[in-house]
Amino acid sequence: MEAQQQAKVPKIGWLTARPASGEASAGSEVMRRMLRELGYIEGKNIAFEYRFADNKLDRLPALADELVRLKVDVLLTPGTGGTLAAKNATRTIPIVFLGVGDPVAAGLVDSLARPGGNITGFTIIAPVLAGKRLELLKETIPKLSRVAVLWDPQDPSSAQQWKESQLAARELGLQLHSMEVSSADKYESAFKEATNARSAALAVTQDPLALSNRKRIADLATKNRLPAIYGRGDFVDSGGLMSYGADQAEPYRRGAVFVDKILKGAKPTDLPIKRHTKFELVINLKTA
């Protein structure tokens, strides 16, 4: 009887490229709080299985396979890399992504209105915002002509943001310097190259590696006298100059609603993808 009861507890697999500490756990806390409001108590009528790749993106496929073998009822994937790994691991378990830049361009879904397949979720429209951030830099520094863009070529969402930045730069008459960094030990030399290339400002893409090293990046930007714009307010809390981006808690709150609907029988293919409704510009006056 007890084993039967155990079997009824739905299991949620949580797969992220980030380390277990920091924002990844803050996001899961928002999600758990929202699920409690919807009537789910962890350990009683819902269980979580967490897998963290610690910024090693090549670990994601194996971690996704692990969660599939555990027969989780829903896979939650904050980020593009984790979602692609989950998609490759299963065509049947429902997948809810929480922070994918452009799910159509990433080849995850057919369209926002009709996702198709076993995937739905919440897009942060990060590539579009990459252009908006360059615009804000140009408004802040009117004579600006050369901007360094810090991005991670191993992260699919970051690569999309770099692509979008190039399109926006052409319209704004800006020259971009590509700062490609895929491991934290390369930041120092990347900043040196950016200043040697006479970059006068910095734009940072949203990717797991940058998020895990935000204090270091903000300090290097200050040290190299590069006014910088980021995608999230926590960079500004870490000493960065300014950020423009979406409300960070919204995807986790809305993700909980997706999970609730799926556990009650809804199919991901019938759940249109949601996008951010709230954006914020944050400026660190001390850094300014």
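**Figure 1. Overview of the chain.** The chain has eleven helices and twelve strands, where helices (H or I, at least four residues) and strands (E, at least two) are DSSP runs numbered from the N terminus. This is a predicted model, in which local features need pLDDT of at least 70, side-chain atom pairs count only at pLDDT 80 or more, and totals for chains, interfaces and linings use all residues. Residues are numbered from 1 along each chain as its sequence is written, and side-chain values use heavy atoms, with hydrogens and water left out. Along its principal axes the C-alpha trace spans about 70 × 35 × 30 Å.

**Figure 2. The open sheet with parallel pairing.** Six strands are arranged in the order β2-β1-β3-β4-β5-β11, and their pairing is parallel. Because β2 (47-52) and β11 (274-275) stand at the edges with a single partner strand each, one side of each is left without a neighbour in the sheet. Two strands pair if DSSP finds at least two bridges between them. Strand β3 (residues 74-77) is joined to β4 (residues 95-100) over three bridges in the parallel sense. Leu 76 has Val 96 in β4 as its bridge partner.

**Figure 3. Helices α3 and α4.** Helix α3 (residues 60-69) lies across β1 (11-16), β2 and β3, and runs at about 180° to β1. Axes are lines fitted to C-alpha atoms, for helices over the stretch in contact, and angles run from 0 to 180 degrees between N-to-C directions. Helix α4 (residues 80-89) packs with α3 at an angle of about 50°, the axes being 8 Å apart. The two helices α3 and α4 are therefore oblique to each other: angles under 35 degrees count as roughly parallel, over 145 as roughly antiparallel, 65 to 115 as roughly perpendicular and the rest as oblique. The contact (heavy atoms within 4.5 Å) is made by Leu 60, Pro 61, Ala 64, Asp 65 and Val 68 of α3 and by Gly 81, Gly 82, Ala 85, Ala 86 and Ala 89 of α4. By class, seven nonpolar, two polar and one charged residues take part in the contact of α3 with α4; Ala, Val, Leu, Ile, Met, Phe, Trp, Tyr, Cys and Pro count as nonpolar, Asp, Glu, Lys and Arg as charged, and the others, Gly among them, as polar.

**Figure 4. The open sheet with mixed pairing.** Here six strands follow the order β7-β6-β8-β9-β10-β12, with mixed pairing. At the edges, β7 (175-180) and β12 (279-283) each pair on one side only. On average, neighbouring strands of this sheet are turned by 20° against each other, direction ignored. Five bridges link β10 (residues 242-246) and β12 in the antiparallel sense, and Tyr 244 stands opposite Leu 281 in β12.

**Figure 5. Helices α7 and α9.** The axes of α7 (residues 187-196) and α9 are 11 Å apart and meet at an angle of about 30°. Helices α7 and α9 are therefore roughly parallel to each other. In the contact, Tyr 187, Glu 188 and Phe 191 of α7 meet Ile 217, Leu 220, Ala 221 and Lys 223 of α9. By class, the contact of α7 with α9 has five nonpolar, no polar and two charged residues.
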